[in-house]
Amino acid sequence: SLAVTADPRYARLVRMTAANIAMLSQMSVDKVEDVRMAAEEAFVYACSAVPETALTISFEVDESHVSLSFALASDEFPSAADGEPVAYADLILSAVCDAYDKTTSPATLNLYLKADV
């Protein structure tokens, strides 16, 4: 787990941690880049949805996958209008992740990416 504030200054820490975790699986370099991108977009989502609040990122990894859960300091997700960073992050996460969903109470972004080797 990684606990940070939903503040863009911590984006690099989140990206690099996710990439390093992904290296523990059997992922190719391209797939590790997908994990890094997904982590960054989920973090951007969190920073836009609940700025400057506590954020806990949980990682699960084995040889076949990496999953990330971003628990926001909120019970619900704010609604997003087209063009907002939250709407853009939703689009990217749906495209990059093998599975992506949101749960409530607390609001959590759940990302799942399979290894490709």
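This is a predicted model: local features need pLDDT of at least 70, side-chain atom pairs count only at pLDDT 80 or more; totals for chains, interfaces and linings use all residues.
**The aromatic pair**

A pair of aromatic rings is described by the distance of the centres and the angle of the planes. This structure holds 1 aromatic pair. Its members are Y45 and F77, and their arrangement is edge-to-face. The ring centres are 5.9 Å apart, and the planes stand at 85 degrees to each other. An angle over 60 degrees counts as edge-to-face.

Where do Y45 and F77 lie? Y45 belongs to helix α2, residues 29–49. F77 is in the loop between β3 (65–72) and α3 (85–96). The pair therefore ties together parts that are 32 residues apart in sequence. Y45 is buried, and F77 is buried too.

The charged end of K102 sits over the ring of F77, 5.3 Å from the ring centre.

**Two helices in contact**

Two packed helices are described by the angle between their axes and the distance between the axes. Here the helices are α1, residues 11–22, and α2. Their axes come within 8 Å and cross at roughly 145 degrees. The crossing of α1 past α2 is right-handed.

Which residues meet? From α1 come A11, V14, R15, M16, A18, A19 and A22. From α2 come V32, V35, R36, A39, E40 and F43. Sorted by class, this contact has 10 nonpolar and 3 charged residues, with no polar ones.

R15 lies in helix α1. Leaving aside residues up to four places away in sequence, R15 touches R36 and E40.

The table sets out the relative accessibility of three residues.

| Residue | Relative accessibility | Class |
|---|---|---|
| R15 | 17% | buried |
| T103 | 35% | partly exposed |
| L91 | 57% | exposed |

Why does R15 count as buried? Its relative accessibility is 17%, and buried means under 20%. L91 counts as exposed because its relative accessibility is 57%, and exposed means over 50%.

T103 lies in strand β4, residues 99–103. T103 touches F77, T108 and N110, not counting residues up to four places away in sequence. So F77, a member of the aromatic pair, is also a contact of T103.

L91 is found in helix α3. How far from E41 is L91, C-alpha to C-alpha? The separation is 9.6 Å, although L91 and E41 are 50 residues apart along the chain.

Methods. Residues are numbered from 1 along each chain as its sequence is written. Side-chain values use heavy atoms; hydrogens and water are left out. Rings of Phe, Tyr and Trp (its six-membered ring) pair if their centres lie within 6.5 Å; planes under 30 degrees apart count as stacked, over 60 as edge-to-face and the rest as tilted. Helices (H or I, at least four residues) and strands (E, at least two) are DSSP runs, numbered from the N terminus. Buried means under 20% relative accessible area, exposed over 50%, partly exposed in between (1.4 Å probe, protein chains only). A charge sits over a ring if NZ of Lys or CZ of Arg is within 6 Å of the ring centre and within 35 degrees of the ring normal. Axes are lines fitted to C-alpha atoms, for helices over the stretch in contact, and angles run from 0 to 180 degrees between N-to-C directions. A crossing is left-handed if the near helix is turned anticlockwise from the far one by less than a right angle, and right-handed if clockwise. Contact means heavy atoms within 4.5 Å. Ala, Val, Leu, Ile, Met, Phe, Trp, Tyr, Cys and Pro count as nonpolar, Asp, Glu, Lys and Arg as charged, and the others, Gly among them, as polar.
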